[in-house]
Amino acid sequence: MRKVNLAVVGATGMVGSTILQVLEDRDFPYENLYLFSSAKSAGEKLTVKGVEYTLEELTETCFDGKDIDIAMFAAGGAVSKKFAPIANEKGIVVVDNSANFRMDKNIPLVIPEVNADTLTKDSMLISNPNCSTIQSIMVLKPLYDAFGLKRVIYNTYQAVSGSGVKGVRDLEEGTCDNYPYPISKNTLPHIDDFTENGYTKEEMKMIDETHKILGDDSIKVTATTVRVPVKNSHAVSMNIEFEKPFELDEVFKVLENAPGVVVEDNVAELIYPLQQNADGNDNVFVGRIRRDFSLDNGINLWCVSDNIRKGAATNTVQIAEVVVDRLQ
């Protein structure tokens with residue numbers, strides 16, 4: 001992998017700072033690294049791989065004269081909407097964490113283990129999927145390939161880190177600044193705004209992104225997304241109806257061979273995926289795999305992953321790695 005010049009936009013935020021950690025963990029081979037933030041944080045110092053960097057203010061001219069190859073955006077939708085096109089105009093490939101561009105049919109929505117082949121040499125703007133979608137599709141894609149998918153029912157149990165530092169503060173301090181009700185002793189069946197159809201935007205993201213990533217609109221998908229009083233790592237309960245008959249040991253074998261997926265399923269020993277154990281890990285953990293006896297070809301399972309790492313930062317860096325390979 002050749003060395004490139006990288007930029008991280010939103011380097012001081014929860015996802016941005018984790019991107020920096022993942023670059024270090026994966027020893028991403030960059031030549032120069034540029035860190036951009038709001039005017040408030042500009043001038044502060046951050047250390048990555050033992051090198052100190054000075055945060056620069058994100059402006060319309062901040063990319064000039066830097067020969068940046070890839071910019072990873074993690075500063076929210078408004079920032080991405082304004083500055084991602086500016087970066088593209090300067091020949092910079094953008095990997096974006098916001099929801100702005102995900103459903104644009106001309107923009108790849110990528111999980112590298114699943115659909116890296118949707119990237120081409122002309123892909124200048126690439127979207128990172130929703131965090132809960134990423135961990136779910138990591139499990140669903142190999143099952144889709146093996147048995148076909150007829151229907152999927154998602155029920156999510158999403159940590160407060162998905163709301164950023166304000167969500168974590170509400171949990172830890174018992175405040176109610178970010179959520180409509182206290183989260184410290186509650187579960188809230190409400191993530192993002194409600195839409196006219198009664199679903200939240202988060203639920204519609206999971207439905208629409210599942211269709212786009214798998215490239216199959218015939219799959220019936222529904223979702224209920226819930227915020228829970230857990231600091232980090234999301235859990236998803238999935239009820240899945242296959243097109244084809246199956247044996248349960250075949251399902252286990254498919255998932256055990258799936259890249260980035262770890263099966264933790266031994267109910268006799270009370271072994272199943274826990275959010276606390278997924279924290280800080282890049283894998284997706286799956287367990288409680290069992291036949292759904294209410295229909296002919298159905299299963300239930302439980303899926304857990306660190307939403308800030310694999311659900312955002314790590315997936316972003318993995319996309320950048322694919323881009324670098326393409327640039328060789």
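This is a predicted model: local features need pLDDT of at least 70, side-chain atom pairs count only at pLDDT 80 or more; totals for chains, interfaces and linings use all residues.
Reader: What makes the radius of gyration agree with a compact globule?

Author: Set the two values side by side. A compact globule of 328 residues would have a radius of gyration near 20 Å. The protein has 20 Å, so the value agrees. The C-alpha trace spans about 60 × 50 × 40 Å along its principal axes.

Reader: How many of the residues are buried, as a percentage?

Author: Buried residues make up 52% of the 328. The cut-off for buried is under 20% relative accessible area.

Reader: Why is T133 called buried?

Author: Its relative accessibility is 0%. Buried means under 20%, so T133 counts as buried. T133 lies in helix α4, residues 131–147.

Reader: What makes the pair T133 and E209 a polar contact?

Author: Their side chains come to 3.3 Å. The limit for a pair of N or O atoms is 3.5 Å, so 3.3 Å falls within it. Beyond its sequence neighbours within four places, T133 is also in contact with other residues, including I111, K205 and I213.

Reader: Is T156 buried or exposed, and how do you know?

Author: T156 is buried, because its relative accessible area is 0%. T156 sits in strand β9. The side chain of T156 reaches the backbone nitrogen of V226 at 3.2 Å.

Reader: Which strands stand at the edges of the open sheet, and why are they called edges?

Author: Start with the order. The 6 strands run β10-β9-β11-β14-β13-β12, with mixed pairing. β10 (220–227) and β12 (261–263) each have a single partner strand, so one side of each is left without a neighbour in the sheet. The twist averages 25 degrees from one strand to the next.

Reader: How do you know that β12 and β13 pair?

Author: Count the bridges. There are 3 between β12 and β13. Pairing needs at least two, so these strands pair. They run parallel. In one of the bridges, V263 has V286 of β13 as its partner.

Reader: Which helices pack on or lie across the strands?

Author: Helix α6, residues 201–214, packs on the sheet and touches β9 and β10. The direction of α6 makes about 140 degrees with that of β10. Helix α7, residues 248–256, lies across β11, β12, β13 and β14. Helix α7 runs at about 170 degrees to β13.

Reader: What makes the phi of D27 worth a remark?

Author: Most residues other than glycine have a negative phi. D27 is not a glycine, yet its phi is positive, about 50 degrees. D27 is found in the loop between α1 and β2.

Technical notes. Residues are numbered from 1 along each chain as its sequence is written. Side-chain values use heavy atoms; hydrogens and water are left out. Helices (H or I, at least four residues) and strands (E, at least two) are DSSP runs, numbered from the N terminus. Buried means under 20% relative accessible area, exposed over 50%, partly exposed in between (1.4 Å probe, protein chains only). A polar contact is a pair of N or O atoms within 3.5 Å; within protein, one must be able to donate a hydrogen and the other to accept it, and residues adjacent in sequence count only if both atoms are side-chain atoms. Contact means heavy atoms within 4.5 Å. Axes are lines fitted to C-alpha atoms, for helices over the stretch in contact, and angles run from 0 to 180 degrees between N-to-C directions. The radius of gyration is taken over C-alpha atoms; the globule rule is 2.2 Å times the number of residues to the power 0.38.
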